[in-house]
Amino acid sequence: MNRRRFLQLAGVGAVGGLAAGQAGASEAPASIDDGVAVLVDTTECIGCRKCEFACNREHKLSDAPLEAYEDTAVFAEQRRMPADAYTVINRHHNPDNPEKPIYVKSQCMHCLEPACVSACLVKALTTADNGSVVYNASRCMGCRYCMVACPFQVPAYEYDNAFTPQVRKCIFCFDRIAKDGKMPACVEMCPTNTLTFGKRSEVIKLAHDKIAAHPARYKDKVYGETEVGGTRWLYLASQSFDELGFLKLGADPIPKLTESIQHGIFKYGIPPLMLFGLLGAAMSVFRDGEDKE
Amino acid sequence: MSAHAVRYAPAGKRFLTPGVVVLVGLMGIAAAISLWRFIFGLSSVTNLNDQYPWGIWIGIDVASGVALAAGGFTTAALAHIFHRKHYEAILRPALLTAMLGYTFVGLALMVDLGRYYNIWHPAWPTMWQGNSVLFEVGMCVMAYLTVLYLEFLPIVCERFIGRVNLPGPLAGLNAPADRLLRFADKTVGKIMFLLVIAGVVLSCMHQSSLGTLMVIAPYKVHALWYTPIMPLLFLLSAISVGYPMVVVESMLASRSYGRKPEMEILTPLSRFVVFFLGIYIVAKITDLLVRGAQPLLLEGSFESNMFLVEMGLGALLPLGMLLTERVRRSPGLLFTACGLVVLGVIINRVNVFVVAYNPPYSTGRYVPSIYEILVTVGMIAALAFVYRVAVTIFPVLPAEESATSHGAR
C-alpha cells in the first residue's frame, strides 16, 4: 500500500506544486449503523421471482401479471438489471445438490460510500439520511459517469428515450420506507425467509448469528460487510461467493483515491494559486531579462 | 512589446476549394445523424449500452479534443510567459485551434449527453458537487473556454476597429459598435497577462483532472493503464502533444494556402517536443515498472497490443525520429514525426476511456457504430471548416510577405 500511497502523492505533488494535501474522502452519513439494510440469505431463495414482480409494480416499471414471472426460461443466461427493472434473480449451479440450484437476487448494493454519488457532478445521485442511494432525474445531465464509476455495474440507462432519459437503479424504496414507514416492496412480497429488512447493525448481527448457529450451512462470510467500504445489501451463501457471480472487491471505498487526489490538488485553491503566482513571477523575470538585452 | 514583431493578415486565397466541399459534405452527414439522435435517442445511432456507457464520442471528441487543444496553452506559455518572441508567429493559429477545439468539445458533449439541455447545471451553485472529478473538469473547461474567447477578442478588434460597416439599416450602429470594440480592446489588453496565466493554470488543472476521471474505476480499467498517477500522465502527454499539434496544423495550413512551411520556427520548436515527450515516456515506463505491470505487455490481448501500438508507434518512434537533426529540418519527416505524436495521444485517450474499460459483467466488447464514427469525422471536418472561415476573416495567419510565399512546393 505504501507504494500506491507514494504514487498518489507524487501525482498530487507534481500537478499541484507542493501541497501534497491529505483531505479525507467525503463523510459517510452519521447514521451508518442505523441506516437501512437488507440481508439476502441465498440458501433460502427458491427463485420464484415474486420480488421482481413486486418491484416492477411498486416502481411502475412493468405491468406484467404475476404469472409472467413463473417463466424460468430467463434463467438460461446470467442477467444484469436492464433500464426497465431494478432487480433480477439469477440461477447458479449448486455443487452440493444439483437438483436444488442457488438463486441470487441482484439490485443496487447501496454502498456506504457510493462511487456513483462521488462521481455525479450535479448531485443527481445522493445518499439519503437513511442511507439509501437515491436519484433525482431533474438534476441529471445524462453524462453516465455514475455508470463508469459503479464497481458493481448497477446503473442502467434509458438509451432509447430521446428527450427525458433517466439513470435507472434500485432506490431502496425510499418513499415507502421514509414516508410510509413500510418495508421495501421486494422484502414484503418474499414468501420465504430470504430477505430480512432492518438497521444495518442489526442485519449484520443477524447474519453472523446465522453463520454461528449453522456453520455447515453457510460460508463464514457476509458479502457486503466490508466490500468497497461496506454496502447496505448483505448476502449469505452456502458456496464461495466467487462461484455465484459476486465480484472480488477490496475493502477500500471507491471514492477514497479520486477524492484525495482531487482535494489534494485543489485544497482551498492554494496549489492553483501558487502555480498562478509562479507563472506570474516567471513572466516578469523573463520580461526583465529581455529588456536588458 | 509595443508593435507586433509578426504581422498577421486574413488569408486571401479563394475560399471554396474541393477540400472545403468534402468538409461540408462530411458535416452534413454528421448533422443529419445528430438530428436523428435528438429525435430517436442515443440507442438509435450508437452502440452504447449499460455495460459500456462511454464510447468514441467521449474517447475521441471530448478526451482527445481537449488534449489536442493543448497547443493553445503551451505556446502561450512559451511566447507570453517565457518571452520567446521567436515563436510569436504560431501564437494566433494555436489560440484559434484551442478555442475551436474546446468549442467542439462542448458540441460533442451536447450530442452525447442524455439530457443535453441540462449541460449548464454544473455552473449553478446549488448543483455543485465538489467531490466529483467531472465537476472540476467541467468548471475548468467552461472557465478556460471563456478565457480563450477573451484572448481572441483583440484579434477581432484588430480586424474591425475603424472598419465597422454594418449592412443597410444597421449602419447607424457603426459608431457605437466601433466604440464598443475599442473599449473591449483596451480592457482586455490591460488584463491580457492575467488571462494568459489563468489559461495556463486552468489547462494544467483540467488536463490532469481528465486523467483522474477513470481512477474511480479501479476494477474496470485494465492494469496497463490504471494507475493513481493517471492525472500526471495526462498532463505530461497533453504538454507533449501541444507543439506537435501546432507543427501539424501549421504545415497543413501552409500547404493549403500554397506557402512554404515555417521551418525556421517549427524546427527549433520540435526540440522542446523531444524534451517533453522524453519526460512523458520515462514517467510512463517508470509507472509500469513500479507497479510491476510490465508482464502484462506481452499478454497478447487486444488491450496489450493497443498499449504497444500507443507507446511504440505514438511515442517511442517519434521520439527516436525527433532526436535526429535531419528529421527536425526536413518538412516531410518532421510532419510525420509530429503526426505520430498526435496519433499516439489520440490512441492513448481512446485506450484509457474505451479499450481499457472492462466492465465485470461484460457480454461483448463495445465497437463504435458507423454512425458514431461519422459524427466524430463530421465534428473534425466542421472544426477544420470553421478554422478556414476564421483565418479568412480574421488576421490569424502571418501576413503573406513575412511568410515569404513562393507558391506550393
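Guide: What follows is about how chain A and chain B meet. This is a predicted model, in which local features need pLDDT of at least 70 and side-chain atom pairs count only at pLDDT 80 or more, while totals for chains, interfaces and linings use all residues. Residues are numbered from 1 along each chain as its sequence is written, chains are lettered from A and ligands numbered from 1 in the order written, and side-chain values use heavy atoms, leaving out hydrogens and water.

Visitor: How many residues does each chain put into the contact?

Guide: Chain A gives 72 residues and chain B gives 74, where contact means heavy atoms within 4.5 Å.

Visitor: And what area is buried between them?

Guide: About 6,300 Å² is buried between chain A and chain B, with carbon and sulfur atoms giving 64% of that; buried area is the accessible area (1.4 Å probe) that two parts lose on being put together, summed over both.

Visitor: Which side chains form the salt bridge?

Guide: B:Asp112 and A:Arg144 do, at 2.9 Å from N to O, and the count between the two chains is one salt bridge, meaning a side-chain nitrogen of Lys or Arg within 4 Å of a carboxyl oxygen of Asp or Glu.

Visitor: Which helix of chain A gives the most to the side that touches chain B?

Guide: That is H9(A), with 10 residues; helices here are DSSP runs (H or I, at least four residues), numbered from the N terminus.

Notes
Helices (H or I, at least four residues) and strands (E, at least two) are DSSP runs, numbered from the N terminus.
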